[in-house]
Amino acid sequence: MCDTCGCNITPGNREFAYKPVNGATAVAVLKSLLARNDDQAIHNRQHFDKHRLLAINLMSSPGSGKTALLEATIDALRDEYRIGVIEGDLETENDAKRIRAKGVPAYQITTGSACHLDAHMVHDALHQFPLAGLDILFIENVGNLVCPASFDLGQHRNVILLSVTEGDDKPAKYPVMFRAADLVLFTKSDLLPLLDDFSPARAEANLRNLASTVPVMQLAARKALGLQPWLEWLRSELAQQHARVDQGETTRSGIQAGVMRLHEAFR
Amino acid sequence: MHELSVCQSLVDQVEQIALTHGAKSVELVKLRIGPLSGVEPLLLQHAYPFASAGTLAAESTLVIELVPIKVSCEACGTETEAEPGWLVCGACGSCHTTLVSGDEMMLMSVELIAAERTNHV
Ligand SMILES: Nc1nc2c(ncn2[C@@H]2O[C@H](COP(=O)(O)OP(=O)(O)OP(=O)(O)O)[C@@H](O)[C@H]2O)c(=O)[nH]1
Ligand SMILES: [Mg+2]
Ligand SMILES: [Zn+2]
Ligand SMILES: [Zn+2]
Ligand SMILES: [Zn+2]
Ligand SMILES: [Zn+2]
């Protein structure tokens with residue numbers, strides 16, 4: 001689809017097209033408000049696919065354990081894969097320092113006032129960060145359950161963390177975010193015995209009520225508990241990524257599939 | 001709040017279209033927004049005058065059409081309206097549904113004021 005030639009005009013949306021209204025000319029557009037971000041994300045995905053790497057976007061509330069999960073994952077997969085991390089935070093290099101302390105390359109994006117990463121910020125980081133030789137690139141988004149969901153960064157998969165101290169109603173309260181998940185992790189599960197009000201079953205039911213069928217796992221990164229299914233998921237996703245690249249194919253994370261379907265509806 | 005950055009991206013897009021068409025200014029901008037888009041229409045409406053100030057879209061009217069959430073049921077085939085945190089089939093209660101509408105954040109159309117022609121006497 002393009003902006004101005006009218007190739008996206010169908011009987012269903014003709015009412016929006018080229019209708020002169022009191023001296024003004026109406027031009028049909030039918031593009032996402034984030035079209036520029038989405039175009040940049042496609043370009044980012046080409047970078048990732050060119051390097052045959054799997055790009056994963058981690059999203060959660062502040063402090064749900066994203067960096068702790070990365071630290072535990074690096075420890076577990078150190079001999080298996082080469083991992084790189086792009087960190088997004090409003091301020092400070094703290095998270096990148098924690099990753100570098102594990103001997104893994106990390107690039108810190110400080111967003112200043114922006115409460116989410118966008119595809120342009122990630123692209124700037126990509127050109128200052130050695131992608132060559134990486135198997136998995138993790139992008140740790142800014143801790144925020146609202147807007148990061150709207151911005152495609154070019155990742156292949158979205159992983160959303162929900163720590164058990166946050167309450168099991170979060171999927172119902174933040175449907176836009178949880179609908180975007182390809183995998184949901186209930187983190188800090190070591191604390192479950194101390195909390196009488198977080199029911200993993202209820203949290204999962206709230207996710208299913210969003211018509212989400214994605215896998216759900218429970219783990220405690222700081223105690224290295226329940227990591228195996230997560231590591232298996234990563235291995236399997238990386239294998240699928242290699243298969244896709246070899247076939248000249250690519251994939252987008254959860255919510256983007258929805259957007260794709262939406263655009264198709266306008267054809 | 002990401003509505004301001006969404007709004008700036010919108011204004012950039014609108015201005016680009018106005019420039020492509022050699023328009024003098026933008027009169028009206030029509031959007032279609034669903035509750036599952038992650039964009040809050042009211043915040044967008046408030047951000048718009050600030051984002052469009054000093055551009056060809058300054059003074060233009062932003063019209064936002066709200067789209068209801070509709071899901072189609074894989075179990076019983078019915079299409080029903082749903083709520084943001086409850087995308088379950090309204091007919092049979094199955095949670096195996098697909099979203100039919102409600103996650104739109106679309107720039108639908110813009111109305112442009114043509115530049116006055118001065119080249120033909
Ligand atoms: N009990 C327990 N605490 C954990 C676990 N994982 C993380 N934490 C604690 O949770 C706090 C936040 O962890 P981080 O890994 O920094 O969380 P984050 O999501 O990266 O935080 P931001 O980047 O600031 O959004 C720290 O105090 C961690 O020690 C866990 O498995 N169990
Ligand atoms: Mg962190
Ligand atoms: Zn075209
Ligand atoms: Zn934001
Ligand atoms: Zn590039
Ligand atoms: Zn049904």
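Is L62(B) buried or exposed? In this predicted model, L62(B) is buried, because its relative accessible area is 7%, and the cut-off for buried is under 20%. The residue sits in strand β2 of chain B, which covers residues 61-66. Setting aside neighbours within four places in sequence, L62(B) touches L10(B), V29(B), L31(B), L44(B), Q45(B) and Y48(B). Then there's L28(B): 34 residues away along the chain, yet with its C-alpha atom 6.0 Å from that of L62(B).

Now for the helix pairs, one in each of chains A and B.

| Helix pair | Angle | Axis distance | Handedness |
|---|---|---|---|
| α1(A) (residues 35-50) and α4(A) (residues 119-126) | about 30° | 8 Å | left-handed |
| α1(B) (residues 3-20) and α2(B) (residues 41-52) | roughly 55° | within 9 Å | right-handed |

Take chain B, where α1(B) and α2(B) cross at roughly 55°, so α1(B) is oblique to α2(B). On the α1(B) side, the contact is made by E3(B), L4(B), V6(B), C7(B), Q8(B), L10(B) and V11(B), which meet L43(B), L44(B), A47(B), Y48(B), A51(B) and S52(B) of α2(B). By type, that's 10 nonpolar residues, two polar and one charged. L10(B), L44(B) and Y48(B) also turn up among the contacts of L62(B).

Over in chain A, the angle between α1(A) and α4(A) is about 30°, so α1(A) runs roughly parallel to α4(A). Here R36(A), N37(A), Q40(A), A41(A), H43(A), N44(A), H47(A) and F48(A) from α1(A) meet A119(A), H120(A), V122(A), H123(A) and L126(A) from α4(A). The tally for this contact is five nonpolar, seven polar and one charged.

How values were computed. Residues are numbered from 1 along each chain as its sequence is written. Chains are lettered from A and ligands numbered from 1 in the order in which they are written. This is a predicted model: local features need pLDDT of at least 70, side-chain atom pairs count only at pLDDT 80 or more; totals for chains, interfaces and linings use all residues. Side-chain values use heavy atoms; hydrogens and water are left out. Helices (H or I, at least four residues) and strands (E, at least two) are DSSP runs, numbered from the N terminus. Buried means under 20% relative accessible area, exposed over 50%, partly exposed in between (1.4 Å probe, protein chains only). Contact means heavy atoms within 4.5 Å. Axes are lines fitted to C-alpha atoms, for helices over the stretch in contact, and angles run from 0 to 180 degrees between N-to-C directions. Angles under 35 degrees count as roughly parallel, over 145 as roughly antiparallel, 65 to 115 as roughly perpendicular and the rest as oblique. A crossing is left-handed if the near helix is turned anticlockwise from the far one by less than a right angle, and right-handed if clockwise. Ala, Val, Leu, Ile, Met, Phe, Trp, Tyr, Cys and Pro count as nonpolar, Asp, Glu, Lys and Arg as charged, and the others, Gly among them, as polar.
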